[in-house]
Amino acid sequence: MDWRSCYIQTGVFVSTEPLPSAFMNLLWWSSAERLQRVKPVKEKSGDQSPAMEGAVQLLTREGHSISHNSKRHYHDAFVCMNRMRQRGLLCDIVLHVGTKEIKGHKVVLASCSPYFHAMFTNEMSESRQTHVTLHDIDPQALEQLVQYAYTAEIVVGEGNVQTLLPAASLLQLNGVRDACCKFLLSQLDPSNCLGIRSFADTHSCSDLLKSAHKYVLQHFVEVSKTEEFMLLPLKQVILSRFILVICNAVIECSAILRKMF
């Protein structure tokens, strides 16, 4: 056999024919000697692979970070808490008003209403109770306001505005209170402006009171012909008639001045 038919490629003998035993021994000893020359590398504690080193360097590089802000986080969390409230899960307070029982979470109610915040965080007896009875508030309005604390949504209309506004004032839910005033302002009419003015005065809605009073003066002739006007106390009627005389005088003077000039 011609040993020259064997060749070496990358340190490996390749042959298509069987090799002599002497040559195989030589190959074995050469390989063993080569392995002895290679010293094993001892791993040191803390040593990491190049890939890991690159990852660590990336994570510890100064001045590089991102800020994540989920716009739906608060919404989704309150939706979940409202579902839990409806199922009675983790509720730690039951509000009793009339014959109605309304379950809730103190932390949610206290975070939305200064009234409940004072009740549940100060040294009041209610802060340690799981059942609280409320007075001078409409049951349906309270239920709607508790729902509002979880959903931030409420419908104000003719059917609930007169009970919702006092309840919102009691619980100091100013957003709902302002929504009620806005609705009443949009409903001003000669037939109801006196009643809205009185309602605003009773519940200390100063802006609504001023707007309603201004509306009465601007439409006094029409207002004086309404049923609400006839139900006013005598003192207010006398004052109103005095205002009516003044208004008529102003109207007549304006008409005369227009003709003269």
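Predicted model: local features only at pLDDT ≥ 70, side-chain atom pairs only at ≥ 80, totals over all residues.
**Exercise 1. Which order do the strands of the open three-stranded sheet take, and how do they pair?**

Step 1. The order is β4-β3-β5, with mixed pairing. Two strands pair if DSSP finds at least two bridges between them.

Step 2. The edge strands are β4 and β5 (131–133), each pairing on one side only.

Step 3. From one strand to the next, the twist averages 25 degrees. Here axes are lines fitted to C-alpha atoms, for helices over the stretch in contact, and angles run from 0 to 180 degrees between N-to-C directions.

Step 4. Take β3 (residues 93–97) and β4 (residues 100–104). They run antiparallel and are joined by five bridges. I93 has G104 as its bridge partner in β4. The two strands form a hairpin with two residues between them, and G98 in the turn has a positive phi of about 65 degrees.

Step 5. Now take β3 and β5. Three bridges join them, and they run parallel. V94 has H131 as its bridge partner in β5.

**Exercise 2. Which residues do the ring pairs link into a cluster?**

Step 1. Count the pairs: the structure holds two aromatic pairs. Rings of Phe, Tyr and Trp (its six-membered ring) pair if their centres lie within 6.5 Å; planes under 30 degrees apart count as stacked, over 60 as edge-to-face and the rest as tilted.

Step 2. Y115 and F116 are edge-to-face, at 5.5 Å centre to centre with 80 degrees between the planes.

Step 3. F116 and F120 are stacked, at 5.7 Å centre to centre with 10 degrees between the planes. These two are four residues apart in helix α5 (residues 114–121), so about one helical turn separates them.

Step 4. The cluster is therefore Y115, F116 and F120, linked by ring pairs.

Step 5. Y115 is partly exposed at 25% relative accessibility. F116 is buried, with a relative accessible area of 2%, and F120 is buried too.

**Exercise 3. What does F116 contact beyond its sequence neighbours?**

Step 1. Contact means heavy atoms within 4.5 Å. Leaving aside neighbours within four places in sequence, F116 is in contact with L95, L109, A110, L134, L142 and L171.

Step 2. The largest nonpolar core has 47 residues, and those with the most contacts inside it are L95, L109, F116, L142 and L184. Such a core is a set of buried Ala, Val, Leu, Ile, Met, Phe, Trp, Tyr and Cys residues joined through side-chain atoms within 4.5 Å.

**Exercise 4. Where does F199 lie, and what does it touch?**

Step 1. F199 lies in helix α9. The buried residues of α9 (residues 193–202) include C193, L194, I196, R197, F199 and A200.

Step 2. The relative accessible area of F199 is 19%, which makes the residue buried.

Step 3. Not counting residues up to four places away in sequence, F199 touches V161, Q162, L165, P166 and L184. The C-alpha atoms of F199 and P166 are separated by 9.8 Å, with the two residues 33 apart along the chain.

Step 4. Just after α9, S204 takes a positive phi of about 55 degrees.

How values were computed. Residues numbered from 1 in each chain as written. Heavy atoms only, no water. Buried < 20%, exposed > 50% of the residue type's maximum accessible area, 1.4 Å probe, protein only.
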